[in-house]
Amino acid sequence: MSHAQTPAPGEPAEPGATPTVAPAEAPPLTNDRILGVIPNFQTVQDPSKMVVPLTVKEKFELFFKETVDPFTVLSGAAGAALSQSDNDDPKYGQGSGPFAQRFGAAVADITTQNFFQDAVLSSLLHQDPRYFRRGPEFRFWYRLGYSMSRVVVGRTDSGKQVFNSANIGGMAMGIALSNAYYPDRSVNGMEVATRFGTSLVAAALSNILPEFWPDIRQKVFHRK
């Protein structure tokens, strides 16, 4: 009994043989944006496709791509403005000089956490920094819980679920580093704990939006 063999590249298939169709691959990094503004570079929209692990180079590229995006600058400016309005942490004071300090601190916070999470720890711990969307095949409450849980539940480069130590560890390292440039009166146990809690909430929200944005876009804007 003979067995059909897969032809080498460039060779024609045997007559009557079933052609081998390679599974579609999910792109490693995308240029997708939510509302055309918010970067959605970290999301794997269709995990049913074959997902190739990110290389170390691609993880650093993801960090760089997110950090230099204009939206990061706008986020830093908005955060500095909110902090300035109520003289919240970091307590630099009032005026244009303190606003510039707040702005620099806000951008530094985003940059350092991205660096430790997406580039350094994801590479060292072999974890995938991307968000793997569930999609409309699943129920709303499951998707909501799933997206929030990804803050602490990660995925290895080989696809296994693990504790998201790259995300949590990177968050903690970024906050610890911020103590070097925050004013002394904004560096204490309570303030550090508050910043960590705020970062956890922001991370959960940053997963919820990519999870449901394609559904909103299709229903509201009638685009797939």
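Buried, in these notes, means under 20% relative accessible area, exposed means over 50%, and partly exposed is in between (1.4 Å probe, protein chains only). Helices (H or I, at least four residues) and strands (E, at least two) are DSSP runs, numbered from the N terminus.

**Ground rules**

I'm working from a predicted model, where local features need pLDDT of at least 70, side-chain atom pairs count only at pLDDT 80 or more, and totals for chains, interfaces and linings use all residues. Residues are numbered from 1 along each chain as its sequence is written, and side-chain values use heavy atoms, with hydrogens and water left out.

**Overall layout**

I counted up the secondary structure and got 6 helices and 8 strands. Going along the sequence, I read the pattern β-β-β-β-β-α-α-α-β-α-β-β-α-α. Of the 224 residues in the protein, 37% are buried. I also looked at contacts (heavy atoms within 4.5 Å). Taking those between residues at least 6 apart in sequence, 65% join residues at least 24 apart.

**Helix H1**

I checked the length of H1, residues 56-67, to begin with. The expected span of a helix is 1.5 Å times one less than its number of residues.

Which residues of H1 are buried? I found Lys 59, Leu 62, Phe 63, Glu 66 and Thr 67. They sit on the same side of H1, because they cover an arc of only 120 degrees around the axis. The arc is taken from the directions from the helix axis to the C-beta atoms. Turned away from that buried side, I see the exposed residues Lys 57 and Phe 64. The buried residues of H1 pack against helix H2 (70-86) and helix H3 (96-124).

**Helix H2**

I ran the length check on H2 too: its 17 residues should span 24 Å, and 25 Å between the end C-alpha atoms agrees with that. Buried here are Thr 72, Gly 76, Ala 80, Ser 83 and Gln 84. Looking down the axis of H2, I find these buried residues within an arc of 105 degrees, so they line one face of the helix. Pro 70, Leu 74, Leu 82, Ser 85 and Asp 86 are exposed on the other side of H2. What do the buried residues of H2 pack against? They pack against H1 and H3.

**H4 against H6**

Two packed helices are described by the angle between their axes and the distance between the axes. I looked up both values for H4 (residues 140-149) and H6 (residues 189-221): the axes come within 8 Å and cross at roughly 145 degrees. Axes here are lines fitted to C-alpha atoms, for helices over the stretch in contact, and angles run from 0 to 180 degrees between N-to-C directions.

From H4, I listed Phe 140, Arg 143, Leu 144, Tyr 146, Ser 147 and Met 148, which meet Ala 204, Asn 207, Ile 208, Glu 211, Phe 212 and Asp 215 in H6.

Ser 147 in helix H4 got a closer look. It counts as buried, because its relative accessibility is 0%. Leaving aside neighbours within four places in sequence, Ser 147 is in contact with Tyr 131, Asn 207, Ile 208 and Glu 211. Ser 147 and Glu 211 are 64 residues apart along the chain, with their C-alpha atoms separated by 6.9 Å.

**Loop residues**

Arg 133 lies in the loop between S6 and H4. Is Arg 133 buried or exposed? Buried, since its relative accessible area is 7%. Not counting residues up to four places away in sequence, I found Arg 133 touching Thr 43, Val 44, Gln 45, Pro 47, Arg 143, Pro 210, Glu 211, Pro 214 and Asp 215. Arg 133 and Pro 47 are 86 residues apart in sequence, but 6.9 Å apart in space, C-alpha to C-alpha.

Asn 40 is in the loop between strand S3 (38-39) and strand S4 (43-44). I noted it as buried because its relative accessibility is 2%. Beyond its neighbours within four places in sequence, Asn 40 contacts Thr 30, Asp 32, Arg 33, Ile 34, Gln 45 and Pro 210.

Most residues other than glycine have a negative phi. I noted Leu 35, whose phi is positive, near 60 degrees, in the loop between strand S2 (33-34) and S3. Leu 35 counts as exposed because its relative accessibility is 56%. His 126, also not a glycine, has a positive phi of about 55 degrees. His 126 is in the loop between H3 and strand S6 (131-132), and is exposed, with a relative accessible area of 52%.
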